[in-house]
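Here is a short briefing for a first look at this structure.

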Amino acid sequence: MDENPEKKRAAFTEEEEHADKAKVTSLRGMYRNWFLDYASYVILERAVPDLKDGLKPVQRRILHSMKELEDGRYNKVANIIGNTMKYHPHGDASIGDALVQMGQKELMVDTQGNWGNVLTGDSAAAPRYIEARLSKFALDIAFNPKTTEWSSSYDGRNKEPQHLPVKFPLLLAQGAEGIAVGLSSKILPHNFNELIDASISVLKGDSFEIYPDFLTGGYIDVKAYAAGARGGKVRVRAKVHAEDKKTLVITEIPFGTTTGSLIDSIIAANDKGKIKIRKIEDNTAEKVEIVIHLAPNTNPDQMMDALFAFTNCEVSISTMCCVIDDNNPIFTNVNHLLETSVMHTKNLLNQELEIEKHELQEQHLFSSLEKIFIEERIYRDIEECETWEAVIEAIDKGLEPHKKKFYREITTDDIVRLTEIKIKRISKFDAFKADEVIKQLEEKLEKVQHHLDNLVDYAIDYYKEIKKKYGKGRERKTEIRAFENIEAQTVAIANQRLYVNREEGFAGFGLKKDEFVAECSELDDIIAFRADGTFMVSKVAEKVFMGEDIIHIDVFKKNDDRTIYNMIYRDGKSGISFVKRFFVKGVTRDREYDLAQGNPKTKVLYFTSNPNGEAETVTIYLVPRPKLKKLVFDFDFSELAIKGRSSKGNQLTRYMIRKIKLKDEGKSTLGGVKYWFDDEVHRLFTEERGRFLGEFKADEYLIYFLKNGRFRIVKPDVQIHFGDEILFISKFNEKTVYSAVYTNADKEHYVKRFQAENAVDKWMEFISEEENETLVHFSTEWFPKITIKFNNRKLKNNRDPETIIVHEFIGIKGYKAKGKKLSRYPLSKIEEEEALPFDNESIQEKLGIENAIPVFKPKIESENDEDPPVEDDGQISLTL
């Protein structure tokens, strides 16, 4: 009997609902599983390099593919990409890009054709037009199938290396950058030779330091590098020099930039008014040359600082040392990477030696077996044997007396191999040659065993050989130096004009119909003093309220203690007039400060701003009143001490002042400005940093010499760029005598003594690079003494060294004079001796100098961290 149709329909519907519920998967579960799978895959298989060989999977597969194609000739990049696709499942674009990047690093891949330009950012030609092959360096350090672990490719058709047996810190040499899911890696490239030296230090147990080095050159500040760990950073700069007062030239660019991006950043800064340039030219070919033509009346030193502050001429690069270790991402530092690489290299070398030892032992074993087999005529014992087993047994029996000589047991395979020796070889067997072969094998075994017993020394020799073969031409390109901190506000170009409406109390660069105050930049602060004895500092804007009744307004310089304000005010409560001198250093923007005593109706009667601390004399006229006899008197501000802005000042008079007139402008009471020279950054500083040069008054100058023989006399300024070629710097004294030894184009040595002409801000040359003259020795001693040694290899008769007292050998002449030839014989070396003792009367008598000033020449590098005391007229001479 049939079931009820309605019951059947209900049962079917219930089963359908259960089936639908079984298919439902939580979105949270999908996200957790799939996302983690995807993230893990990207981290392990795409973006982050491996600790063991320093390669990302695509790089490893490219190198393995190129090794497969290796025949000593170049291969089309298109062919390399096609062959690599057997191992890499992510398309030809990713393979091609990775190969071009490796080729541009000039280490593992030998290239031919247009591979682009890391300087200009030009891309490489299409893969069908360019060619590549493995470099000799790559073949030496990255491949050995005997020590390589293999795994199946993504489709199971091929075998690919899990890691290449790289015996070099390749990751640190090439650098790496990758963005994965949830993390990223940025490891900067380091210098090839320095990595080898550091690897040797690791093996010896010595300390080491490694710092980044870039193909683009430039400068690098590594103070915050922190061994490349997470949170570390470096600052890199372009190499910029002033060709003349109107032209700057960039010859090297920062890492991570191109000439195109650098020029774009300079143009953008110019458009925003932060710098002023007339035009810019890109003459880059094999080397970088970007010529910047400055706008008229532009200071080239200030412009250099502005380029570092506002353009990509200086960039900061953060480091993130993330690598894959045993299928897990770890954060570490470059020191750990190098130490791990060295230990891995040591282990690989050990494996190679063990493999070589085993192979030599096997060769030695079979050569010995062969010799015994033939010399003992064991082959005759098998003539009567009828079965194969009998043949093996007969040979084994014949070898029995000799088995103790071998390092392992003789196996059936060894005996079978003996049976394969041809009759022709047996008939022509030479026992003497066999002994020679065995002896050579024993010598090789002894050598390999020695390397195994002294593995550290063997590894050191390995690194030295790598450096010898491939280190030439890989010297450091990026110069390590400390950078000074450039405040954008101090180097910003004055691209705006500040105006003020004193009555209404508004100021800004938008009030073009009101009173002009000064040139300023959009980054400047302005300070305004009001008639009620208050002042305020605010950021410059198009229009900003500074308070009514402004008596003085100017651009504010933070921490400026040389601008002194002289003020006379009448207190609103007591009616007494006070006088004060003060400076304004650190303040809070848009906060009102009171210079008086805070009483209502206080009024400023006299106010001046003095940029160099000038102290004037004023005449005070009092309001006449009964019994007041002296209605007029003078007051000299120089008699008043300079204090902070919060001091109420000294009482000037308790009588009412009718007017105040300026009598004498006076002079500065601050004295000169003290300057220090920091030999690390090659800049001047007004705070105690580096070596003290002296206190410079308004009419005193600085002189500095370069290694190329040029010198200049300038007004000291913290914005001056002295460059890397600085030789000597000091306060200028026109009586100082300079001594120099140089060689001309014919390699003849000349000596000259001269005094510098007092020509301010003019480049002068005491030797000429154009005439191939090279500076050998430079001194500022009054009585220098040198020893000359002769090149006896070019002389028939040997000559002993001679000592020359320079001031007796040649007199003082002009800086353009040729000087006097040291000797008619060829010289090999010139050594500086201790100068003759200083004698003031002797100097006056011999040189005709009155009131001679001794020259102090302290060394830059002290034996301890404390700077030795140097007098105000101290001078600095850098090592030539």
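H11 and H15 are roughly antiparallel to each other (angles over 145 degrees count as such). Their axes cross at roughly 160 degrees and come within 9 Å. Axes here are lines fitted to C-alpha atoms over the stretch in contact, with angles from 0 to 180 degrees between N-to-C directions. This is a predicted model: local features need pLDDT of at least 70, side-chain atom pairs count only at pLDDT 80 or more, and totals for chains, interfaces and linings use all residues. Residues are numbered from 1 along each chain as its sequence is written, and side-chain values use heavy atoms, leaving out hydrogens and water.

**Helix H15**
- H15 covers residues 431–453. Helices are DSSP runs (H or I, at least four residues), numbered from the N terminus.
- Asp-430 caps the N-terminal end of H15, with a side-chain oxygen 3.0 Å from the backbone nitrogen of Phe-432.

**Leu-63**
- Leu-63 is found in helix H3 (residues 57–69).
- At 0% relative accessibility, Leu-63 counts as buried.
- Leu-63 touches (heavy atoms within 4.5 Å) residues including Leu-55, Met-102 and Phe-143, leaving aside residues up to four places away in sequence.
- Leu-63 and Tyr-655 are 95 Å apart in space, C-alpha to C-alpha, and 592 residues apart in sequence.

Key
Helix = DSSP H or I, 4+ residues; strand = E, 2+ residues; numbered from the N terminus. Expected span 1.5 Å × (residues − 1). Polar contact = N/O pair within 3.5 Å; in protein donor to acceptor, adjacent residues only side chain to side chain. Parallel < 35°, antiparallel > 145°, perpendicular 65-115°, else oblique. Buried < 20%, exposed > 50% of the residue type's maximum accessible area, 1.4 Å probe, protein only.
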